[in-house]
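Subject: A structure for you to look at

Dear colleague,

I am handing over a structure that I would like you to read alongside the notes below. Please open it first, and then follow the text with the residues in view.

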Amino acid sequence: MCACSSQKYVDFNALTSQINDLAPQARDLLHTLNDRATELKETVARVNDLLGPQNRGNLAATLAIHGDGGRNRPQIKNTLKKVNP
């Protein structure tokens, strides 16, 4: 008894036809993937900008102002009055 498995024969023309049928879908998929990769690059660039040194410094300064327990508020108010007469 043979334990061989039989496989359906596909001739070259049928295989070529199947590949041609898949080509438009593959092309659309590649365009979609490319668009998503571009969007991801933009998102990463924006996140990197938000986490950049200048913004980290701004955030640290903001937290220092708000986290000082009100000790510097009179100085801040005085400064703001000078800026905004």
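The protein has three helices and zero strands, and read along the sequence these elements give the pattern α-α-α. Please keep in mind that this is a predicted model, with an average pLDDT of 81 and with 80% of the residues scoring at least 70. Among the elements, α1 has the highest mean pLDDT, at 92, whereas helix α3, which covers residues 73–83, has the lowest, at 71. Where pLDDT is low, the predicted coordinates should not be read in detail.

As for the surface, the protein exposes about 8,200 Å², and carbon and sulfur atoms supply 59% of that area. Of its 85 residues, 2% count as buried.

Helix α1 runs over residues 12–50, and its 39 residues reach 55 Å from the first C-alpha to the last, which is close to the 57 Å expected at 1.5 Å a residue. If you follow the helix along, you will come to a kink of about 35 degrees at Ala-23, shortly before the proline Pro-24.

Ile-19 also lies in helix α1, and together with Val-10 and Leu-15 it forms a nonpolar patch on the surface, the three having about 260 Å² of accessible area together. Ile-19 counts as exposed because its relative accessibility is 52%, and the cut-off for that word is over 50%.

How many salt bridges does a search of the whole structure find? The search finds one, and it is formed by Arg-36 with Glu-39, whose closest N and O atoms are 3.3 Å apart. Side chains of opposite charge can pair when their charged atoms come close. Both Arg-36 and Glu-39 lie in helix α1, three residues apart, which is about one turn of the helix. Are these two residues buried, exposed or partly exposed? Arg-36 counts as partly exposed because its relative accessibility is 46%, and Glu-39 is likewise partly exposed, with a relative accessible area of 42%.

With best wishes

Definitions and conventions
Residues numbered from 1 in each chain as written. Heavy atoms only, no water. Patch = residues over 30% accessible without salt bridge, like charges linked within 9 Å, V, L, I, M, F, W, Y side chains within 5 Å. Areas by Shrake-Rupley, 256 points an atom, 1.4 Å probe, with all protein chains shown as cover. Salt bridge = Lys/Arg side-chain N within 4 Å of Asp/Glu carboxyl O. Helix = DSSP H or I, 4+ residues; strand = E, 2+ residues; numbered from the N terminus. Buried < 20%, exposed > 50% of the residue type's maximum accessible area, 1.4 Å probe, protein only. Expected span 1.5 Å × (residues − 1). Bend = angle between axes of the 7 residues up to and from the residue. pLDDT = per-residue confidence, 0-100.
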